[in-house]
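Subject: Structure for you to look at

Hello,

Here is the structure I promised to send. Please open it alongside the notes below.

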Amino acid sequence: MNKYLSLFLVVALVLSCAFPANAEVAKKKWTFFVFLNGDNNLSSAGDDDVNEMKSVGSTDQVNIVVLHDKIGTSDTRFLYIEKGKEVVLESGEINTGDVKEFVRFGKKVMDLYPAEHYFFTIWNHGAGIRNKAVDHFFNRGISYDDSSGHAH
């Protein structure tokens, strides 16, 4: 298994199991975190998906949280999704092709929105697991950030 994929899997496991929830905030049943990397030719599809999430919104049992990066802007937005609207929690340029940003925001989500269960997703192009034996034929990886030129 590729060392980067192994690192990603370990980080995801740690995020889902190891960090205690903030006791001061009411724990919900689920928190969904969408690491939406639209800093590429998927930018408009990312806008569409955020609008779809707003049609449902967070509830008394579910948090929907999104880190939304778009092409052509330096305004990556960290959002809490409510029915019909998005609440901007933070904004500024983020390199969504850097796994460290996924980890940083994953920790932040778990601290701000404690839940019994977490669902983390990386929204972006996915070209499969990197494999040195075939990488000279294919450009493999996930979470392509065209502004930085990075991917996981």
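A word on confidence to start: pLDDT is the predictor's confidence in each residue, on a scale from 0 to 100. You need it here, since this is a predicted model. The protein averages a pLDDT of 80, and 68% of the residues score at least 70. Treat residues 18-23 separately: pLDDT stays under 50 there. For that stretch the model has nine contacts beyond four places in sequence.

**Layout**

The protein has three helices and five strands. From the N terminus on, the elements run α-β-α-β-β-β-α-β. Of the 152 residues, 38% count as buried. The accessible surface comes to about 8300 Å². Carbon and sulfur atoms account for 57% of that surface. Take the contacts between residues at least 6 apart in sequence: 62% of them join residues at least 24 apart.

**Sheet**

In what order do the five strands sit in the sheet? The order is β4-β3-β2-β1-β5, in an open sheet with mixed pairing. At the edges are β4 (85-92) and β5 (115-123), each pairing on one side only. From one strand to the next, the twist averages 20°. β1 and β5 pair in the parallel sense, over eight bridges.

Helix α2 (residues 43-56) lies across β1, β2, β3, β4 and β5. The helix runs at about 160° to β2. α3 also packs on the sheet and touches β1, β2, β3, β4 and β5. The direction of α3 makes about 155° with that of β1.

**Cores**

The largest nonpolar core has 11 residues. They are F33, F35, V65, L67, F78, Y80, I94, F102, F105, V109 and Y113. Which element gives the most? That is α3, with three residues.

Leaving out residues up to four places away in sequence, L67 touches F33, V34, F35, L36, T76, R77, F78, I94, T96 and F105. Among these contacts, F33, F35, F78, I94 and F105 belong to the core listed above.

There is also a second, separate core of 10 residues. M53, V62, L79 and W123 are among them.

Best wishes

Notes. Residues numbered from 1 in each chain as written. Predicted model: local features only at pLDDT ≥ 70, side-chain atom pairs only at ≥ 80, totals over all residues. Heavy atoms only, no water. Core = buried A, V, L, I, M, F, W, Y, C linked by side-chain atoms within 4.5 Å. Buried < 20%, exposed > 50% of the residue type's maximum accessible area, 1.4 Å probe, protein only. Helix = DSSP H or I, 4+ residues; strand = E, 2+ residues; numbered from the N terminus. Contact = heavy atoms within 4.5 Å. Pairing = 2+ DSSP bridges. Axes fitted to C-alpha atoms, helices over the stretch in contact; angles between N-to-C directions. Areas by Shrake-Rupley, 256 points an atom, 1.4 Å probe, with all protein chains shown as cover.
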